[in-house]
Amino acid sequence: MIKKKRLSKLTILLAVMFSLFVSIPMNKSYASESITGNNSFETAYNFGYWKYKYGMTILPAGENEAYYSFTVDSGERIMAKADYRDEYSGMEIEIFNNAEQLIDTNNGPVKPGYIPFIYSKCDATKDRQKFYVKVTRGNYEGDMYFTVSFEERIKTGYKTFNFPGTATNPGNRDFNFNGPLVRFIS
């Protein structure tokens, strides 16, 4: 009888916990949500700061362009990229500065053996510098589905290192085919 009560309580507790978990609203950026209606500089979808951002876009038949805005910090060199399919022949991607002037045009398509993409480069000279991405349809006439994302192109930096002592390389003269490949000297 006691075991049945414990089992009943455990079952009820698990059911309540499961129902709470299922009813908790998750992050609002569901994968099934997509970007639409961003067909001009004025209606550009705002990604905010570029890092770790991406968005699935539906470009309906009859619409020719999709726009996005994003910011980059000084010294960051990134690329904006969009998925590309062979049937999207003529699809282009371009980067504009905050004055809506073209700064880089399509450099693609790239077909690396997995998801082909087109890309355009962007180098910021000041913090939180605003840029725009424009994706143009090309020859495809139906609804287009593609993801726009950002990646770092070049990480730069330098540092001077001081190593005390003298480096030597005694060579391979004591190599023994029957012994260990690594020799420790203490």
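A residue counts as buried when its relative accessible area is under 20%. The legends below concern a predicted model.

**Close-up 1. Salt bridge between Lys-81 and Glu-151.** The closest N and O atoms of Lys-81 and Glu-151 are 2.8 Å apart. Lys-81 belongs to strand 4 and Glu-151 to strand 9 (residues 144–154), so this pair ties together parts that are 70 residues apart in sequence. With a relative accessible area of 13%, Lys-81 is buried, because the cut-off for that class is under 20%. Glu-151 is partly exposed, at 34% relative accessibility.

**Close-up 2. Salt bridge between Asp-73 and Arg-128.** The side chains of Asp-73 and Arg-128 meet at 3.6 Å, N to O. Asp-73 is located in the loop between strand 3 (65–72) and strand 4 (77–83), and Arg-128 in the loop between strand 7 (117–123) and strand 8 (129–136); the pair therefore ties together parts that are 55 residues apart in sequence. Asp-73 is buried, its relative accessible area being 17%, whereas Arg-128 is partly exposed at 48%.

**Close-up 3. Salt bridge between Arg-85 and Glu-87.** The N to O distance between the side chains of Arg-85 and Glu-87 is 3.2 Å. Arg-85 is partly exposed, with 36% relative accessibility, and Glu-87 is likewise partly exposed, with a relative accessible area of 40%.

**Close-up 4. Network of salt bridges involving Lys-134.** Lys-134 is linked with Glu-65 and Glu-94 in this network. The structure as a whole holds 7 salt bridges.

Note on methods: Residues numbered from 1 in each chain as written. Predicted model: local features only at pLDDT ≥ 70, side-chain atom pairs only at ≥ 80, totals over all residues. Heavy atoms only, no water. Salt bridge = Lys/Arg side-chain N within 4 Å of Asp/Glu carboxyl O. Helix = DSSP H or I, 4+ residues; strand = E, 2+ residues; numbered from the N terminus. Buried < 20%, exposed > 50% of the residue type's maximum accessible area, 1.4 Å probe, protein only.
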